[in-house]
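Try each task before you read its solution.

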Amino acid sequence: MGVIYVLLTISIIVAIIFFIAFIISVKNGQYDDIYTPSVRMLFDDELVKESKEKSSVSTKTKQS
């Protein structure tokens with residue numbers, strides 16, 4: 001029974017250490033996404049073109 005208490009204590013200590021490491025890495029910007037904003041502008045134009053084509057098709061069908 002004593003082994004369970006020791007293992008439980010060790011696992012809680014390890015979990016706290018990993019949580020503190022996670023908080024520190026978030027504060028240091030480890031998970032900041034610096035790649036996507038530079039690429040997002042390349043894909044925005046494709047979405048605008050598709051919506052313009054859909055609107056022009058819908059206006060052509062309304063005029064007919």
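**Exercise 1: A residue in the first helix**

Phenylalanine 19 has a relative accessible area of 53%, so it is exposed. This comes from a predicted model.

Task: Find which helix holds phenylalanine 19, and state how many residues that helix, H1, has.

Solution. 
- Step 1. Phenylalanine 19 sits in helix H1, which covers residues 2–27.
- Step 2. H1 has 26 residues.
- Step 3. From its first C-alpha to its last, H1 reaches 38 Å, close to the 38 Å expected at 1.5 Å a residue.

**Exercise 2: Buried or exposed?**

Task: Decide whether serine 25 is buried or exposed, and list its contacts beyond four places in sequence.

Solution. 
- Step 1. Serine 25 also has its place in helix H1.
- Step 2. Its relative accessible area is 16%. Buried means under 20%, so serine 25 is buried.
- Step 3. With neighbours within four places in sequence left aside, serine 25 is in contact with Gln30 and Tyr31.
- Step 4. Now take the whole chain: buried residues make up 3% of its 64 residues.

**Exercise 3: An aromatic pair**

Task: Classify the pair formed by the rings of phenylalanine 22 and tyrosine 31.

Solution. 
- Step 1. A pair of aromatic rings is described by the distance of the centres and the angle of the planes.
- Step 2. The count of aromatic pairs is one.
- Step 3. The ring centres of phenylalanine 22 and tyrosine 31 lie 5.8 Å apart, and their planes stand at 45 degrees, so the pair is tilted.
- Step 4. Phenylalanine 22 is partly exposed, at 41% relative accessible area. Tyrosine 31 is exposed, at 56%.

**Exercise 4: The surface**

Task: Describe the nonpolar patch that includes Phe19, Phe22 and Tyr31.

Solution. 
- Step 1. Other members of the patch include Leu8, Ile12, Ile16 and Val26.
- Step 2. Together the patch residues have about 960 Å² of accessible area.
- Step 3. The accessible surface of the chain is about 6200 Å², with 69% belonging to carbon and sulfur atoms.
- Step 4. The chain has two helices and zero strands.

Definitions and conventions: Residues are numbered from 1 along each chain as its sequence is written. This is a predicted model: local features need pLDDT of at least 70, side-chain atom pairs count only at pLDDT 80 or more; totals for chains, interfaces and linings use all residues. Side-chain values use heavy atoms; hydrogens and water are left out. Helices (H or I, at least four residues) and strands (E, at least two) are DSSP runs, numbered from the N terminus. Buried means under 20% relative accessible area, exposed over 50%, partly exposed in between (1.4 Å probe, protein chains only). Accessible areas come from the Shrake-Rupley method with a 1.4 Å probe; for residues, only the protein chains shown count as cover. Patches are made of residues with over 30% relative accessible area and no salt bridge: like charges are joined within 9 Å, nonpolar side chains (Val, Leu, Ile, Met, Phe, Trp, Tyr) within 5 Å. A salt bridge is a side-chain nitrogen of Lys or Arg within 4 Å of a carboxyl oxygen of Asp or Glu. The expected span of a helix is 1.5 Å times one less than its number of residues. Rings of Phe, Tyr and Trp (its six-membered ring) pair if their centres lie within 6.5 Å; planes under 30 degrees apart count as stacked, over 60 as edge-to-face and the rest as tilted. Contact means heavy atoms within 4.5 Å.
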